[in-house]
Amino acid sequence: MSEMFSKVAILGVGLIGSSMAHAMRRGGLAGHIAGYARRAETLERARAVGFADSLHGDASACVKDAELVVLATPVGTFASLAEEIAPFLKQGAILTDVGSVKGAVIRDVGPFVPEGVHFIPAHPIAGTEQSGPEAGFPELFDGRWCILTPPPGANSEAVEKLKSFWQALGSQVEVMEARRHDLVLAITSHVPHLIAYNIVGTADDLETVTENEVIKFSAGGFRDFTRIAASDPTMWRDVFLNNRDAVLEILGRFEEDLSILKRAIRWSDGEALFKFFTRTRAIRRGIIDAGQDTAAPNFGRTPKKDQ
Ligand code: NAP
């Protein structure tokens with residue numbers, strides 16, 4: 001592949017930012033990759049991994065002359081970062097982000113975008129529960145979706161260029177309205193994370209009663225929730241604070257469905273439970289058929305001797 005941007009600035013060199021840098025290097029997509037982090041310690045760790053051509057503790061220095069600027073810090077920091085870098089953005093540059101919510105990002109960043117800079121929000125639907133500059137790897141976006149949510153009137157050439165960029169990083173790209181993105185992600189990602197955080201919290205409270213049995217017998221299903229509940233607390237706090245309406249709407253539906261299941265259990269309605277579980281099993285099959293997960297038993301884990 002060939003160079004798409006002479007300079008790309010990545011503000012936030014954690015899991016997503018560093019994975020983008022690795023994937024850009026793999027494809028030779030950028031002449032120069034500049035990274036920014038708030039803390040000197042993070043910059044040092046990023047330098048040790050070595051995925052950027054320059055590293056900066058000053059966001060405005062990082063974006064100088066960049067043709068593509070990516071906000072890749074927690075969503076709650078975007079507004080102040082955008083305000084800080086706005087006067088230093090190059091005319092004709094594309095300003096994008098990787099935030100897990102989109103309506104709030106358009107609301108918070110939009111007002112700071114200077115005339116002549118193209119603001120195209122994006123969200124790669126790819127990640128792990130790891131964070132920090134060492135967590136990134138070049139294949140993170142391969143075969144995964146990236147959703148672009150250009151605001152009304154966005155420059156179509158810039159949208160196409162960002163689309164090609166994400167494809168070159170390995171992704172499949174879909175363009176969607178921000179409101180729709182937030183609702184879809186509330187059900188596919190945000191509420192599942194809340195449920196995982198909640199069940200792990202409940203088990204932790206119970207732990208004093210059960211004395212370690214929760215951990216000992218975790219392979220019964222609980223363990224898979226703990227993986228999600230180990231995700232970065234700052235990132236997820238910001239997701240819930242910034243996608244409140246969609247999350248509350250989906251939680252309302254979730255509570256209704258939970259009541260139906262509770263009722264079926266209370267009344268020993270085996271047929272209702274069986275029908276429900278059969279329907280949900282088909283969804284798992286659909287995800288595997290779409291290449292978004294492995295069909296290997298136990299998510300492809302190799303069995304340990306003690307199981
Ligand atoms: P991460 O690994 O925790 O990295 C966050 C980066 O932002 C670090 O460089 C960190 O460096 C910097 N940062 C943290 N707090 C900051 C602050 N207050 N001001 C300025 N910089 C700050 O996070 P990530 O998983 O890459 O997530 C980054 C973004 O990607 C988030 O907006 C998230 O919603 C989105 N996203 C995440 C996933 C996922 O699965 N993780 C998937 C898709 C999209 P310092 O600590 O030195 O500041």
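This is a predicted model: local features need pLDDT of at least 70, side-chain atom pairs count only at pLDDT 80 or more; totals for chains, interfaces and linings use all residues.
View 1. The ligand is surrounded by 27 residues, a residue being near if one of its heavy atoms lies within 4 Å. Leu15, Thr42, Thr73, Ser100 and Gly132 are the closest. The shell comprises 13 nonpolar, 12 polar and two charged residues (Ala, Val, Leu, Ile, Met, Phe, Trp, Tyr, Cys and Pro count as nonpolar, Asp, Glu, Lys and Arg as charged, and the others, Gly among them, as polar).

Residues are numbered from 1 along each chain as its sequence is written, and side-chain values use heavy atoms, with hydrogens and water left out. Local features need pLDDT of at least 70 and side-chain atom pairs count only at pLDDT 80 or more, whereas totals for chains, interfaces and linings use all residues.

**View 2. Oxygen atoms of the ligand and serine 100.** An N or O atom in the side chain of serine 100 is 2.7 Å from an oxygen atom of the ligand. The protein covers 88% of the 880 Å² of accessible area that the ligand has on its own (Shrake-Rupley method, 1.4 Å probe).

**View 3. Helices H11 and H12.** Helix H11 (residues 244–266) packs against helix H12 (residues 270–289) at an angle of about 140°, and their axes are 8 Å apart. Leu261, Ala264 and Ile265 of H11 meet Ala272, Leu273, Phe276 and Phe277 of H12, contact meaning heavy atoms within 4.5 Å. The contact residues divide into seven nonpolar, no polar and no charged.

Notes: A polar contact is a pair of N or O atoms within 3.5 Å; within protein, one must be able to donate a hydrogen and the other to accept it, and residues adjacent in sequence count only if both atoms are side-chain atoms. Axes are lines fitted to C-alpha atoms, for helices over the stretch in contact, and angles run from 0 to 180 degrees between N-to-C directions. Helices (H or I, at least four residues) and strands (E, at least two) are DSSP runs, numbered from the N terminus.
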